[in-house]
Amino acid sequence: MNVTQGLRRVLQTNSEGIATVDGDRRRNWREIGERVAKLAGGLQGLGMKRGDRVAVLMLNSDRYLELYLGVAWAGAVIVPTNIRWSHAEIEDSLRDCRASVLVVDKAFAAMGVELAKAVALTLIYADDDTGPAAARDYERLIAATKPVPDAMAQREDLAGIFYTGGTTGRSKGVMLSHANIVSNALHMLSEGLLPDGTIYLNAAPMFHLANGGGMFAALIGGGCNVIVRTFNPELVMATIEKEKVTATLIVPTMIQMLTDHPMFRTATCRRSSESCTVPPRSAKRC
């Protein structure tokens, strides 16, 4: 039991199925599998060893999903970083987990350069434009690398370090094994929350474990992960309608923002070939 088993399964059962939707970019599982194996090789080529920590400071994106899988494929440990933290809090977490690599996108490029200098780690830029000169380019790293075999982590191997919010003191890094993460996703599947073929919307932050449960469950079930960069009521409702999203995970504050939005009065949710108009303040399910 490990984080990459879902990817290996879906490559056998639904390789040409749509894996990720990020704006106008769509990739199938075969493409994701190739990119993940190359990403793992690229990270190893930079000197990353089994068990090394790879921190990620990014908004939601299809590349975030690739990093969850690619870091595990390389036998390393992912550290999803809270984007709402201050510079000092992020730097403290990087030192605490002994990160050797930091991956950033455009939103955090400038901070990433400063953090890489302060903590002395390798910086990777993962976005659609040209990043800072001090960073390795994510897409070039993939393009220039041959795929490597899955490291095949064991169930009790460390998969990720997830920091608490720090509401009662200094934030603490919670160390989760591959079995921890996969078991959580399997529990969701066993309850029928995300059936096979689910179209899951990553509307909550992808650094958060709550969203991760849905993301991995959709992956294991051969579904599709639709991604919005940040939560925005209009964008979320438009994406649900356009991509025929069947499941998402959002907290009460997000639900309130959706129901308070004027667009909610006429927003149309679609499930399979059926559709319904959601009335304002309604708890009905489509």
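The following questions and answers walk through parts of a predicted model.

Visitor: What kind of model is this, and how are its residues numbered?
Guide: This is a predicted model, in which local features need pLDDT of at least 70 and side-chain atom pairs count only at pLDDT 80 or more, while totals for chains, interfaces and linings use all residues. Side-chain values use heavy atoms, with hydrogens and water left out, and residues are numbered from 1 along each chain as its sequence is written.

Visitor: Is Asn 60 buried or exposed?
Guide: Asn 60 lies in the loop between β3 (53-57) and α3 (62-73), where helices (H or I, at least four residues) and strands (E, at least two) are DSSP runs, numbered from the N terminus. A residue is called buried under 20% relative accessible area, exposed over 50%, and partly exposed in between, using a 1.4 Å probe and protein chains only. With a relative accessible area of 4%, Asn 60 is therefore buried.

Visitor: Which backbone oxygen does the side chain of Asn 60 reach?
Guide: A contact means heavy atoms within 4.5 Å, and, leaving aside residues up to four places away in sequence, Asn 60 touches several residues, among them Asn 202, Pro 205, Ile 227 and Arg 229. A polar contact is a pair of N or O atoms within 3.5 Å; within protein, one must be able to donate a hydrogen and the other to accept it, and residues adjacent in sequence count only if both atoms are side-chain atoms. At 3.2 Å, the side chain of Asn 60 reaches the backbone oxygen of Val 228.

Visitor: How many of the residues of α3 are buried?
Guide: Helix α3 has 12 residues and reaches 16 Å from its first C-alpha to its last, close to the 16 Å expected at 1.5 Å a residue, the expected span being 1.5 Å times one less than the number of residues. At the start of α3, a side-chain oxygen of Ser 61 comes to within 3.2 Å of the backbone nitrogen of Arg 63, and after the helix comes Gly 75, with a positive phi near 85 degrees. The helix is mostly covered, and its count of buried residues is 12 of 12.

Visitor: Within what arc do the buried residues of α4 fall?
Guide: In helix α4 (residues 87-97), the buried residues are Ile 90, Glu 91, Ser 93, Leu 94 and Cys 97. Seen down the axis of α4, these residues line one face of the helix, because they fall within a limited arc, which is that of the directions from the helix axis to the C-beta atoms. The arc is one of 160 degrees.

Visitor: Which residues form one aromatic cluster?
Guide: Rings of Phe, Tyr and Trp (its six-membered ring) pair if their centres lie within 6.5 Å; planes under 30 degrees apart count as stacked, over 60 as edge-to-face and the rest as tilted. By this rule there are 3 aromatic pairs; the rings of Tyr 68 and Phe 216 have centres 5.7 Å apart and planes at 85 degrees, so that pair is edge-to-face. This pair links distant parts of the chain, with Tyr 68 in helix α3 and Phe 216 in helix α8 (residues 209-220), 148 residues apart. The one cluster consists of Tyr 64, Tyr 68 and Phe 216.

Visitor: How far apart in sequence are the parts that Trp 85 and Tyr 163 tie together?
Guide: Trp 85 and Tyr 163, both buried, form an edge-to-face aromatic pair, with 5.9 Å from centre to centre and 75 degrees between the planes. Since Trp 85 lies in the loop between β4 and α4 and Tyr 163 in strand β8, the pair ties together parts whose separation in sequence is 78 residues.

Visitor: With which residue does Arg 95 form a salt bridge?
Guide: A salt bridge is a side-chain nitrogen of Lys or Arg within 4 Å of a carboxyl oxygen of Asp or Glu, and a search of the whole structure finds 21 of them. The closest N and O atoms are 2.9 Å apart, and the partner of Arg 95 is Glu 91.
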